[in-house]
Amino acid sequence: MLDASKAYSGFAVDDLAEAKAFYGETLGLAIKELDVGADEPLLELALPDRPILIYPKPDLVPANYTILNFPVWDVEAAVDGLAARGVEFERYPGFDQDEKGIDRNGPAGGIAWFTDPAGNILAVHGEM
């Protein structure tokens, strides 16, 4: 029944304007505002293969796991580029992260984590 559905994912943020600026300007992703007749629009990350919904939740408690992964060809270049845009990378106990925050033991050339303004955890990692 659902195998033909074009499923998509979504996540919450506590401030849509802050999220729009972070995902659109800082990360450089295409953002669409969706007017669904609510008090404020929803946001959509217009990614190449599947949209991702971003919706408001003022009392958000961010997840303690990675909600969104960005596979990239060159993890170090991605980390350098994001750091140049003001993104700070997280450090986690038990991971062998270098001075840039990259765990080179991670998938396909490494993984590095960062958060959005709502505290949601995101990652860049090597192509698998």
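Start with the cartoon view of this predicted model: the protein has 2 helices and 7 strands. If you draw a box along the principal axes, the C-alpha atoms fill roughly 45 × 35 × 25 Å.

Next, colour by burial: buried residues make up 36% of the 128 residues. Now select Tyr23, Ile54 and Phe114, which have the most contacts inside the largest nonpolar core, a set of 29 residues. Among the elements that give two or more residues to this core are α1 (16–26), β4 (52–56) and β6 (111–115).

Stay with Tyr23 and show its surroundings. Which residues does Tyr23 touch, leaving out those up to four places away in sequence? The list is Phe11, Gly28, Leu29, Ile31, Leu45, Ile54, Leu68, Asp116 and Leu122.

Of its 15 lining residues, select Leu29, Leu47, Phe70, Pro71 and Val72, the closest to the pocket centre. Two elements to highlight here are β5 (66–72) and α2 (75–84), which each give two or more residues to the lining; β5 gives the most, with 5 residues. Finally, colour the lining by class: you will find 13 nonpolar, 1 polar and 1 charged residues.

Note on methods:
Residues are numbered from 1 along each chain as its sequence is written. This is a predicted model: local features need pLDDT of at least 70, side-chain atom pairs count only at pLDDT 80 or more; totals for chains, interfaces and linings use all residues. Side-chain values use heavy atoms; hydrogens and water are left out. On a 1 Å grid over the protein atoms alone, a cavity is a set of points where a 1.4 Å probe fits but cannot get out, and a pocket is an open set with protein on both sides within 12 Å along at least five of seven lines; lining residues have an atom within 4 Å of a point. Helices (H or I, at least four residues) and strands (E, at least two) are DSSP runs, numbered from the N terminus. Ala, Val, Leu, Ile, Met, Phe, Trp, Tyr, Cys and Pro count as nonpolar, Asp, Glu, Lys and Arg as charged, and the others, Gly among them, as polar. A nonpolar core is a set of buried Ala, Val, Leu, Ile, Met, Phe, Trp, Tyr and Cys residues joined through side-chain atoms within 4.5 Å. Buried means under 20% relative accessible area, exposed over 50%, partly exposed in between (1.4 Å probe, protein chains only). Contact means heavy atoms within 4.5 Å.
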